[in-house]
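This report describes selected features of one protein model. Please consult the sequence and the structure shown below.

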Amino acid sequence: MAWRRQFPVHSPVDATALFAGVRALAAHNGAHERWEARVKTLLKERYGARSVLLTDSGTAALTASLLGVLRDRTGGAAAPVALPAYACYDVATAADGAGAPVFLYDIDPATLAPDIAQVQAALRHGARAVVVAHLYGCPVNLGELNDLTSAAGAVVIEDAAQAAGATVNGRPAGGQASLGVLSFGRGKGLTGGGGGALLAMDETGERILERVRRHKFAKGRRGWPELATITAQWLFQHPSLYAIPAAVPLLHLGETLYRAPRPLRAPTTVSCRVIAASWAAAEREVHVRRRNAERLLGALRWQRAFQTVTTAPDTRAGYLRLPVLASPAARRAAGEAEARSLGVMPGYPQALCDLVPFNKQCLNRETGFPGSRLLAERLLTFPTHGRLDSRDLEGLEQWIRAR
């Protein structure tokens with residue numbers, strides 16, 4: 001088993017999707033518009049969106065949403081935005097790219113939901129947008145937050161980049177607020193080798209999206225990097241082969257890095273065509289992730305070294321990864337070779353309030369964020385994807401019981 005290495009997160013890519021990406025590079029004029037329209041139609045049908053803007057990444061979609069909310073038509077000064085103090089570092093990148101000053105709010109470690117009191121404090125200090133992220137596929141019901149922000153004249157931006165398959169009241173996470181953000185990166189459940197989307201769900205969202213459309217987007221590239229990503233995913237999607245790229249330090253696989261903002265770009269034809277070709281496989285994968293997560297949860301609930309995350313009764317997790325709070329000893333063990341070979345990974349190593357240099361633009365960085373800092377110290381994730389076989393699941397259960 002030493003030669004095997006399981007990836008922590010996976011998006012299904014088959015030969016059909018790969019060849020669709022290859023054909024996209026040789027497509028004639030008009031192909032891009034046709035496949036972009038196809039993806040927009042799929043997203044409108046799934047989420048009930050009134051309007052959709054496609055970008056080259058989820059980070060670009062979040063940046064665009066912030067620009068639309070925080071800048072007036074004449075390019076006035078940016079207003080503050082409220083962000084979770086524990087989240088993917090790309091959330092910080094998006095705020096940097098929009099030039100937005102930031103109020104952070106804490107996250108409840110038991111539920112991964114926002115600390116409502118700290119969100120209210122950010123709104124009192126003038127936050128015009130509240131970004132809420134569904135971490136690791138664990139959805140948050142935004143009903144109360146929508147009411148709070150609406151009363152304050154602000155807007156919720158639902159970051160559903162990690163929410164593939166998650167639902168709230170039977171509807172896909174990503175469609176609860178005025179604006180929803182999606183990502184189609186290599187580990188987001190539904191992939192195009194890259195790409196993102198901004199969904200407008202109501203009249204407020206549509207007005208903001210129209211303002212975003214006036215921003216100058218760089219022209220989408222032909223799609224060679226996205227095709228390279230898809231090809232690599234297809235070639236190395238077996239654990240015995242994934243060990244090869246995982247051993248190359250320059251690829252930074254499994255590492256959490258802060259990335260500087262980039263110019264906003266339109267999506268590539270390759271991304272659009274691969275997203276459409278992977279759509280059905282990604283929907284099937286959700287059921288597999290849930291089944292694998294339930295099996296692992298059965299082992300975790302009996303171990304004192306772990307505390308599972310609880311979501312609201314009216315939500316259903318998509319389990320892009322399975323997050324748990326671990327004892328200090330179990331968290332340390334997650335950094336060892338055995339855990340990495342099984343796909344066990346620590347969460348984000350720092351809360352955004354401690355992320356240098358981003359924390360310099362935080363207006364309340366001296367505020368206590370105990371939940372977010374606890375998550376940075378104690379959270380780890382287990383793989384749930386469809387490439388896990390019976391021996392992988394048995395190995396994960398044995399690792400859990402050994403803690």
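Which residue in β9 is the bridge partner of Val 52? The partner is Leu 199. The model discussed here is predicted.

**The sheet.** Strand β1 runs antiparallel to strand β9 (residues 196-200), and five bridges join the two. Both strands belong to an open sheet of seven strands, ordered β1-β9-β8-β5-β4-β2-β3, in which the pairing is mixed. The edges are formed by β1 (51-55) and β3 (102-105); each has a single partner strand, so one side of each lacks a neighbour in the sheet. From one strand to the next, the twist averages 20°.

**A residue of helix α3.** Thr 63 lies in helix α3, which spans residues 58-70. Its relative accessibility is 6%, and Thr 63 is therefore classed as buried, because buried means under 20% relative accessible area. Leaving aside residues up to four places away in sequence, Thr 63 touches Ala 94, Gly 97, Ala 98 and Leu 264.

**Cysteines.** The structure contains zero disulfides. Cys 353 takes part in no disulfide, and the nearest cysteine sulfur, belonging to Cys 362, is 7.6 Å away. Cys 362 is likewise in no disulfide, with the sulfur of Cys 353 as its nearest cysteine sulfur at 7.6 Å. A disulfide requires a pair of cysteine sulfur atoms within 2.5 Å.

The accessibility of the residues discussed is set out here.

| Residue | Relative accessibility | Class |
|---|---|---|
| Thr 63 | 6% | buried |
| Cys 353 | 3% | buried |
| Cys 362 | 2% | buried |

Notes
Residues are numbered from 1 along each chain as its sequence is written. This is a predicted model: local features need pLDDT of at least 70, side-chain atom pairs count only at pLDDT 80 or more; totals for chains, interfaces and linings use all residues. Side-chain values use heavy atoms; hydrogens and water are left out. Helices (H or I, at least four residues) and strands (E, at least two) are DSSP runs, numbered from the N terminus. Buried means under 20% relative accessible area, exposed over 50%, partly exposed in between (1.4 Å probe, protein chains only). Contact means heavy atoms within 4.5 Å. Two strands pair if DSSP finds at least two bridges between them. Axes are lines fitted to C-alpha atoms, for helices over the stretch in contact, and angles run from 0 to 180 degrees between N-to-C directions.
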